[in-house]
Amino acid sequence: RVALSVSPAQLALAAPGSRRINVRNDSAERVVVDVARRAVGRQRASKTWLQIVPVRLFLRSGGSAILTLRVRPPRRAEPGDHHVLVLLTTRPLHGSRVTLRVRVGVRVRVRVPGRIVRHLALGGLRVHRARGSRLMFVSVANHGNVTVQLRGRVTASLFRRRLRVARLNPAGRRALAPGARTLLALRYAGRVRGPVTAVVQVRLGPGVRIVERRYRIRL
């Protein structure tokens, strides 16, 4: 059995600054853990801002160690959120019986100080009919420079002649990084058919405007 546990599994880091990650070998064999980094999204250079010490761990069975993450972006770094994935990959020591490798990823959100822009755009809506229910898919794009939390901030309703006939619970990503896109899935299993108006709203945060779009669709 090969098992590697990491805590925390994701973290936020204000630049310049540092955080620690605890790594534990839960397998029955000694392992080497190689540490690498990979930029996520459009800011590929952001991975060079992150320094990880050490870059290799030697862990006995049940052993643990600490990784230190330090971030120091350049002066001209773009303000906002930048995402870096820290990858931890196990490999056996010489003479070990371990033949499997385990890779664990820790998502790191680096916040560079400066002007913050929250800009979310709702795209088109398409309807898919299946087995008596209706699935509506709404595209969402983050054109700002900070991560937008979607869970609990998206509402959707169906109206006919200004009367609300349904309130829908969107399903999709919990958060949307800068430059990323996703689809919100809205399921309606009611009996209303024909033309209706779908209203989708996203609350970007306290004191921040609400993004809203209306769609004229046919169920």
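This is a predicted model: local features need pLDDT of at least 70, side-chain atom pairs count only at pLDDT 80 or more; totals for chains, interfaces and linings use all residues.

Student: How many bridges join strand β4 to β6, and in which sense do the two strands run?

Tutor: Strand β4 covers residues 31-40, and four bridges join it to β6 in an antiparallel arrangement.

Student: In what order do the strands of the open sheet with mixed pairing stand?

Tutor: The order is β2-β9-β8-β4-β6, five strands in an open sheet. At its edges stand β2 (10-14) and β6 (56-59); each has a single partner strand, so one side of each lacks a neighbour in the sheet. From one strand to the next, the twist averages 25°.

Student: Next, a single residue. Is Asn25 buried or exposed?

Tutor: Asn25 has a relative accessible area of 1%; because values under 20% count as buried, Asn25 is buried. This residue belongs to strand β3, which spans residues 17-25.

Student: Which backbone atom lies 3.0 Å from a polar atom of the Asn25 side chain?

Tutor: That atom is the backbone oxygen of Arg60. Arg60 is also among the residues that Asn25 touches, together with others including Leu59, Ser61 and Val31.

Student: What is the general idea behind a nonpolar core?

Tutor: In soluble globular proteins, nonpolar side chains tend to be buried together. In this model, the largest nonpolar core has 29 residues, and those with the most contacts inside it are Leu120, Met136 and Leu158.

Student: Which strand gives the most to this core?

Tutor: Strand β17 does, with four residues. A second, separate core has 28 residues, among them Leu67, Leu69, Val108 and Val110.

Student: What does Met136 touch, leaving aside residues up to four places away in sequence?

Tutor: Its contacts include Leu125, Val127, Leu158, Leu168, Leu184 and Ile217.

Student: Which residue of β17 is the bridge partner of Leu158?

Tutor: It is Ala198. The strands β13 and β17 pair in the antiparallel sense over six bridges.

Student: What is the order of the open sheet of four strands?

Tutor: The order is β14-β13-β17-β18, and the pairing is antiparallel. Its edge strands, β14 and β18, each pair on one side only. Neighbouring strands of this sheet are turned against each other by 25° on average, direction ignored.

Key
Residues are numbered from 1 along each chain as its sequence is written. Side-chain values use heavy atoms; hydrogens and water are left out. A nonpolar core is a set of buried Ala, Val, Leu, Ile, Met, Phe, Trp, Tyr and Cys residues joined through side-chain atoms within 4.5 Å. Buried means under 20% relative accessible area, exposed over 50%, partly exposed in between (1.4 Å probe, protein chains only). Contact means heavy atoms within 4.5 Å. A polar contact is a pair of N or O atoms within 3.5 Å; within protein, one must be able to donate a hydrogen and the other to accept it, and residues adjacent in sequence count only if both atoms are side-chain atoms. Two strands pair if DSSP finds at least two bridges between them. Axes are lines fitted to C-alpha atoms, for helices over the stretch in contact, and angles run from 0 to 180 degrees between N-to-C directions.
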